[in-house]
Amino acid sequence: MLEIQQLRTDLDTVTRQLAKRGYAFPTEAFNALEAERKTIQTQTQELQAQRNAASKKIGNAKSKGEDVSAIMAEVAHLGDALKQAETQLEQIQNSLQKILLEVPNLPHDSVPEGKNEEHNQQIRRWGEPRQFDFAIKDHVSIGEGLGLLDFETAAKLSGARFSLMKGGLARLHRALAQFMLDTHTQEHGYMEAYVPYLVNRESLRGTGQLPKFEEDLFAVNAGGAENSTANNSPAFHLIPTAEVPITNMVRDEIVPLQSLPLKYVAHTPCFRSEAGSYGRDTRGLIRQHQFDKVELVHIVHPDQSYAALEQLVGHAEKILQKLVLPYRVMALCTGDMGFSAAKTYDIEVWLPAQNTYREISSCSNCEAFQARRMQARFRNENGKPALLHTLNGSGLAVGRTLVAVLENYQNADGSVSIPEVLRPYMNSLDQLGRTGGE
RNA sequence: GGAGAGAUGGCCGAGUGGUCGAAGGCGCUCCCCUGCUAAGGGAGUAUAGGCACAAAAAGCUUAUCGAGGGUUCGAAUCCCUCUCUCUCCGCCA
């Protein structure tokens, strides 16, 4: 959410910034509502002030035992006018709020301007794609060839965009998550968190998924209940990312200055409806309704958030370096960034079978955008509450990392070597072969 | 699932219809005093808005005592609904 004061005082800059992302701010509607708001609010508050003053007089007079009927008569007519004004004001405020909640964050000045992913900027590259001297397979063929990856059964159990892993592959998946968690907690100073996978609407509004992106989420009700709440909304939503529960830990909190920065890491499944992505990445593990991710979140002092973003990306990159997987870091352009982000780096890992780099992590500084929605604050140097900055990034998407390992570490005989750093998590196994690795 | 108790500022806690944005304490900030330390004295100390202003300060004003609704000229206080916490019983991975 943007600051409403900024919209009132500097709407031109805001609309120009938003236009860079391809977002057309509804200027006329906003200005009209604002003008109305101003009138009605002043009027409402005047009426309230009158009522309060009269009520005070009545109280005073009564305590002295004086007659109050004269003052009572004075106030009698206020009731209806006041109620009407209050109702009207509330409607206007709601409309304004609705507009505000759907406006994306302003891009940071350093963000390259552009329409779509073609205008993203490469920041750096690490590692060299391996040269294969045999015909390579994609991760689906590799996994199915080993008898450890089974989309057909997954489809029977649940449907499209679900997967079933078995044996050494399931273990490799688990090993990746463990390895990531251990690296971040032991080497990068993160506090590990175990968080709810079902969250309420307030949390989703806090991080920006609601109200605009409801169709991307899965909703759940308690057993047997069609709708668990009176206003027709589901009891819970499944988290689309651990960013939601972790970041919302500080919702409605005032964090002491000395406890900043907060750095959390959590390994969770993520659930996404993938509405609007029909036909994209239908093959394999790349785009699933359910996937695991190790998520990194920083809650920081506003002065520190851009330094924190660089750190965060570095922490995610470290995982790929340890796994010796080639990647590149991209600065997303204005048109390709997510709703809440002021600046985003994507990390893209090399996938030999696709002969290209594919997103495996997205690291964003949301500045105060989420904090303002959440009322997440800290007590600043002057002892005053001020909004925090929030950042999040994948460190990394586990399923996609598994894809990268399978494809980059495949051997001519269909087996897959286990990256060095994962072997301690694999009972010292050094490759997945036809035996299933167990 | 059943029965009961509760939710007040950074924290503890008083407050059952009027001068309560809220006593008192703790904490914190500033000042004074004492040779140091300890103790003591004084002052201050919620948040988000609106108006006005070039802007800041000051000012005027509104809202907020778990959330939402209601009663009333007036609600922390009375009524209703919900959420959460705690205790006891039952069930349960």
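This is a predicted model: local features need pLDDT of at least 70, side-chain atom pairs count only at pLDDT 80 or more; totals for chains, interfaces and linings use all residues.
View 1. Take C363 as an example: C363 is in no disulfide, and the nearest cysteine sulfur, which belongs to C366, is 11 Å away. Seen from the other end, C366 is likewise in no disulfide, with the sulfur of C363 as its nearest cysteine sulfur at 11 Å.

**View 2. Two cysteines, buried or exposed?** C363 is buried, because its relative accessible area of 0% falls under the 20% cut-off. C366 is buried too, with a relative accessible area of 2%.

**View 3. S364 and its surroundings.** At 8% relative accessibility, S364 counts as buried. Its side chain makes a polar contact with the side chain of T344, at 2.8 Å. Leaving aside residues up to four places away in sequence, S364 touches L309, A341, K343, T344, T390, L391 and N392.

**View 4. An open sheet of 3 strands.** Follow the strands across this sheet and the order reads β6-β12-β13, with mixed pairing. The edges are held by β6 (254-255) and β13 (385-387); each has a single partner strand, so one side of each is left without a neighbour in the sheet.

**View 5. Where β12 meets β13.** Strand β12, residues 377-379, pairs with β13 in the antiparallel sense over 3 bridges. Which residue of β13 is the bridge partner of F378? That partner is A386.

Technical notes: Residues are numbered from 1 along each chain as its sequence is written. Chains are lettered from A and ligands numbered from 1 in the order in which they are written. Side-chain values use heavy atoms; hydrogens and water are left out. Buried means under 20% relative accessible area, exposed over 50%, partly exposed in between (1.4 Å probe, protein chains only). A polar contact is a pair of N or O atoms within 3.5 Å; within protein, one must be able to donate a hydrogen and the other to accept it, and residues adjacent in sequence count only if both atoms are side-chain atoms. Contact means heavy atoms within 4.5 Å. A disulfide is a pair of cysteine sulfur atoms within 2.5 Å. Two strands pair if DSSP finds at least two bridges between them. Helices (H or I, at least four residues) and strands (E, at least two) are DSSP runs, numbered from the N terminus.
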